[in-house]
Amino acid sequence: MKKTILQIAKYYYPVEGGIETVTKYMAEGLTNFDHVIICFSQDGITRMDTVNGIKVYRIAPSMKVSSQDIAFTYYHYLKKIIYEEQPDIILLHCPNPFLYPITAKLTPRDTKLVLLWHSDILGKGILYRLVNRFERRLLKKADLILATSPNYIHPSSPIYDYRDKTKVVPNGIIKKEFRWRKGDENVVEEIRSKYHYKKIVFVVGRHATYKGINYLIEAEKYIQSDCIILIGGRGPETDRLKAMTTSERVKFIGRIPNDYLRCYYYASDIFAFTSCTKQEAFGIALAEAMYCGSVPVTFTIEGSGVNWVSVGNQTCEEVPLGDVKAYAAAIDKLLSDKDLYMRYATAGKERIAKMFTSEKSNAEAETIFRELLE
């Protein structure tokens, strides 16, 4: 009889995002386990639906505080689901601080509690001080903590004090979603021709402070190469970012549908990965771009997995955090040195294919879960 994993996530497919991607490929890829998902709904309706054979409970939030959903009925529903599903493992995707005390209290003694630590909570203000004691209790209670990179098991992270029960399971890309498909050549050609076949510097993601897109806009004035800069995505910082530049070569292209994202990766020459804090714990988009042959320029972020996913002087140009002149120079260097560019592009694709795929991540997770249950 299969063991059951109950994954507690913030959201679930069709919601898009790095954590949502990981939750989905674990649920669909760890086929030797039964899976149940509980998450917040985004339409204000509490319901249960089935997604590709996975039972998904979506709980309507009552309010939101500092981007954290809160549902007054969550305790009731989680208690009921645990009773009905009898999970062998409860896997909580962190951060999700509202659920820390609830999960710690409701996890049965004979159920293994696993924390998948995607990122620390970086804000250390009054809200974090309220959460901190619940976070410590949860970390202490957990049977296992999964970090997404060895870099994140760092003295600056709360998980460092629990490193004796922490293992690394890297995130991974879903390769089939980024393989070249019939018709992609037409889309790539359309993108390149739209920008008159200039070299393309591309960035995509939620427009939030930690993504550091402002650094790319500031670096633009120092880039000597004849190129175009495409900024995909949107978010709370979009208006501020647009107000920062009057340059004709900076284009905000908005949200890119999933079916077209790989074509932008393939069409781009440089992937400008400008994330600037540990809130960017891994970088799924970074891995996706590398798999498609786009060469990154990154910042050095102490304690983040970014510089483990893409290694400076091996698969990318890595520059000191916030140094916009160095960032511009790195872009110029790659666009002017074809041999270096091709070496990084080849090594980057090979690194992702070898180390950071959903298949590899699931295989490592399954081994760890089997050992935990034994």
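This is a predicted model: local features need pLDDT of at least 70, side-chain atom pairs count only at pLDDT 80 or more; totals for chains, interfaces and linings use all residues.
Local features are reported at pLDDT of at least 70, side-chain atom pairs at pLDDT 80 or more, and totals for chains, interfaces and linings use all residues. Residues are numbered from 1 along each chain as its sequence is written, and side-chain values use heavy atoms, without hydrogens and water.

Helices (H or I, at least four residues) and strands (E, at least two) are DSSP runs, numbered from the N terminus. Two strands pair if DSSP finds at least two bridges between them.

Eight strands form an open sheet with mixed pairing. The order is β3-β4-β2-β1-β7-β8-β9-β10. β3 and β10 (166-168) are the edge strands, and each pairs on one side only. The twist averages 25° from one strand to the next. Asp49 has Val56 in β4 as its bridge partner. The two strands form a hairpin with two residues between them. In its turn, Asn52 has a positive phi of about 50°. Elsewhere, β8 (residues 112-117) and β9 (residues 144-147) run parallel over four bridges. Trp117 stands opposite Ala147 in β9. Helix α3 (residues 99-106) lies across β1 (3-8), β7 (89-94) and β8. α3 runs at about 170° to β7; such angles run from 0 to 180 degrees between N-to-C directions, with axes fitted to C-alpha atoms, for helices over the stretch in contact.

The other sheet is open and parallel, with six strands in the order β13-β12-β11-β14-β15-β16. β13 (250-254) and β16 (317-319) each have a single partner strand, so one side of each lacks a neighbour in the sheet. β11 (residues 199-204) pairs with β14 (residues 270-272) over two bridges. Val201 stands opposite Ile270 in β14. Helix α8 packs on this sheet and touches β11, β12, β13 and β14. Its direction makes about 140° with that of β11.

α8 (residues 258-267) also meets helix α5 (residues 184-194). Their axes come within 9 Å and cross at roughly 60°.

How values were computed:
Contact means heavy atoms within 4.5 Å.
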